[in-house]
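Please keep the sequence and the coordinates in view while reading.

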Amino acid sequence: VMSMLYRYNVHPRCAVIGAFAGVSLTSAREAGYDTMFLVGDPATIDLATHATLGVKYIGATTANWTESLVTQVNNLGMKAVGYTTNRQSEAEAFFALGGAMLFSDDPKYLLRTLSGKPPYKRDHFALGYPVEGLLPVYANYWGEVNGANRFWGYGTDIVTNRRGCLQGYAC
């Protein structure tokens, strides 16, 4: 990731580097990038240690955030980030806790509904259509809705040797 940021001259103010392994964030912090430690449940980690290491954001499954955890993160000078939130009610509940940001498979739908504008007549994510702004992984393939929880990702018929971009993440 760092070599790509350098290659494309991405200024540290223009990117937040996230990882599930804290050691993976060291070079990003040293280069001046804000970092996000990702974890399923924020109650399972020592938040103070991450604050001491200079982590700016803690990203966790939206449903696992509580008001107490968000307050603790905020008091340590970090910000709480929820992933992956695709419904207005989930987003509103997270922000009511004091959360700062969200990951979403359908940010345009979520932003429109949260901004007070009339919601779209159709929820394209729920219907399984790719949302605007997604980069195709390859020739007209943007990923698809999978599983009972309806997450966006690669289809089960796609070969395991994936190269490309899905949802803005390097794959």
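On one side of helix α4, the residues E67, S68 and N75 are exposed, exposed meaning over 50% relative accessible area, buried under 20%, and partly exposed in between, with a 1.4 Å probe and protein chains only. Helices (H or I, at least four residues) and strands (E, at least two) are DSSP runs numbered from the N terminus. The model is a predicted one, in which local features need pLDDT of at least 70 and side-chain atom pairs count only at pLDDT 80 or more, whereas totals for chains, interfaces and linings use all residues. Residues are numbered from 1 along each chain as its sequence is written, and side-chain values use heavy atoms, with hydrogens and water left out.

The buried residues of α4 are L69, V70 and V73. These residues lie on the same side of α4 because they cover an arc of only 100° around the axis, the arc being that of the directions from the helix axis to the C-beta atoms. An α-helix has 3.6 residues a turn, so residues three or four places apart point the same way. The cover over the buried residues of α4 includes α3 (47–52), β3 and β4, where contact means heavy atoms within 4.5 Å. Helix α4 spans residues 67–75 and lies across β3 and β4, running at about 135° to β4; axes are lines fitted to C-alpha atoms, for helices over the stretch in contact, and angles run from 0 to 180 degrees between N-to-C directions. Just after α4, G77 adopts a positive phi of about 85°.

The sheet is open and consists of five strands in the order β1-β2-β3-β4-β5, with parallel pairing. Its edge strands, β1 (16–19) and β5 (101–102), each pair on one side only. Two strands pair if DSSP finds at least two bridges between them. Strand β3 (residues 57–61) is joined by five bridges to the parallel strand β4 (residues 79–83), and G59 stands opposite V81 in β4. Four bridges join β1 to strand β2 (residues 34–39), again in parallel, with I17 opposite T35 in β2.

Which rings are linked into a cluster by ring pairs? They are those of F20, Y83 and F103. Four aromatic pairs are found in the whole structure; rings of Phe, Tyr and Trp (its six-membered ring) pair if their centres lie within 6.5 Å, and planes under 30 degrees apart count as stacked, over 60 as edge-to-face and the rest as tilted. The pair of Y83 and F103 is edge-to-face because the ring centres are 6.2 Å apart and the planes stand at 90°. This pair links distant parts of the chain, 20 residues apart: Y83 is in strand β4 and F103 in the loop between β5 and α6 (107–114). Y83 is buried, with a relative accessible area of 18%, while F103, at 22%, is partly exposed.

The confidence of the model remains to be considered. The protein averages a pLDDT of 80, and 66% of the residues score at least 70; pLDDT is the predictor's confidence in each residue, from 0 to 100. Confidence is highest in α4, at 98, and lowest in strand β9 (residues 169–170), at a mean of 40. Over residues 161–171 the pLDDT is below 50, and this stretch has 24 contacts in the model beyond near neighbours in sequence. Where pLDDT is low, the predicted coordinates should not be read in detail.
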